[in-house]
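Let's take a friendly walk through this fold together. Have the sequence and the 3D view open side by side as you read.

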Amino acid sequence: MSLVPFSQACENNKSPILEVIIKVFSTSKCVLEIGTGTGQHAVHFAQALPHIIWQTSDQACYIDGIKAQLDHTYSSRTLAATSISNIENPLILDVTQTWPLGGMQEKIDGVFTANTLHIMAKEMVNAFFIGVGEHLQSGGNLCIYGPFNYDGNYTSDSNARFDTWLAQQDPRSAIRDIEWINKLAKEQGLKLIKDHPMPANNRLLHFIKVSG
Ligand SMILES: C[S@@+](CC[C@H](N)C(=O)[O-])C[C@H]1O[C@@H](n2cnc3c(N)ncnc32)[C@H](O)[C@@H]1O
């Protein structure tokens, strides 16, 4: 059995993120999370948004950890009383492959992702937007949380240091330029509604699919 994964960053950012997405996804029915990671966000958000089916997904190597997180949550006495029947077991979803959405196809009216676009190589970021363009319903919401650069500049010294660290882990990873993200989004019929400033020099980008 896998250990329950834990990220301190998720614990720190889950409440500020929820403050924004609880409004954005207030009338959504089915949200697909890309790069679920530890599953901490999914558990926190699905409990606060009981009207939504929260579909977790990630690359194959993360699936056992996410399942362990969900099992842990279901078996926890504190949470047993709370309905979390709205979290779906993780799909193996690599954005560069066919998105295996099965019966969910046509139902996705929200997409959420946190801290993924700076980890993904450029071609993966491109594939992410093509996938969102293909699968998000017209009128649906896309929320992207993470650090971004503006006019080619870091927004803080800590983000600059983080980018250096990212490059040491994988030279294909990097903090992305907001202008490039906006361009990819526009090409998929996504309009930027609001760029929310978030703690620790992060942003939450809210797009709506207006066409396509
Ligand atoms: C830094 S972790 C973030 C995890 C979690 N969302 C969080 O905020 O803690 C980066 C995530 O991006 C995912 N990721 C990277 N490349 C991906 C790809 N090609 N397709 C889908 N997910 C990918 C990783 O599997 C991982 O879950």
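Predicted model: local features only at pLDDT ≥ 70, side-chain atom pairs only at ≥ 80, totals over all residues.

Seven strands form an open sheet in the order β3-β2-β1-β4-β5-β9-β8, and their pairing is mixed. The edges are held by β3 and β8 (190-198); each of these has a single partner strand, so one side of each is left without a neighbour in the sheet. Going from one strand to the next, the twist averages 20°. In general, strands of a sheet pair through backbone hydrogen bonds, in either a parallel or an antiparallel way. You can find both kinds here. Strand β1 runs parallel to β2 (residues 53-58), and three bridges join them, with Leu32 standing opposite Gln55 in β2. By contrast, β5 and β9 are antiparallel and pair over six bridges. Within that pair, Leu142 has Phe207 of β9 as its bridge partner.

Is it enclosed or open to the outside? Five of the five residues of β1 are buried, so the strand is largely enclosed by the rest of the structure.

Helix α1 touches β2, β4, β5, β8 and β9, and its direction makes about 165° with that of β5. Helix α2 touches β1, β2, β3 and β4, and its direction makes about 175° with that of β2.

These helices also meet each other. Helix α1 (residues 8-24) and helix α2 (residues 40-48) pack at an angle of about 35°, with 10 Å between their axes, and the crossing is right-handed. On the α1 side, the contact residues include Ile17, Leu18, Ile21 and Ile22, and on the α2 side they include His41, His44, Phe45 and Ala48. Sorted by class, this contact has seven nonpolar, five polar and two charged residues.

Several residues of α2 are hidden: Gln40, His41, Ala42, Val43, Phe45 and Ala46 are buried. What covers them? The cover includes α1, β1, β2, α3 (63-75), β3 (87-92) and β4 (110-114).

Beyond its neighbours within four places in sequence, Leu142 is in contact with Val111, Phe128, Phe129, Val132, Leu136, Leu190, Leu205, His206 and Phe207.

Finally, go back to α5, where you will find Asn126. With a relative accessibility of 30%, Asn126 counts as partly exposed. The C-alpha atoms of Asn126 and Ala200 are separated by 26 Å, and the two residues lie 74 residues apart along the chain.

Notes:
Residues numbered from 1 in each chain as written. Heavy atoms only, no water. Contact = heavy atoms within 4.5 Å. Axes fitted to C-alpha atoms, helices over the stretch in contact; angles between N-to-C directions. Helix = DSSP H or I, 4+ residues; strand = E, 2+ residues; numbered from the N terminus. Left-handed = near helix turned anticlockwise from the far one by under 90°. Nonpolar A, V, L, I, M, F, W, Y, C, P; charged D, E, K, R; others polar. Buried < 20%, exposed > 50% of the residue type's maximum accessible area, 1.4 Å probe, protein only. Pairing = 2+ DSSP bridges.
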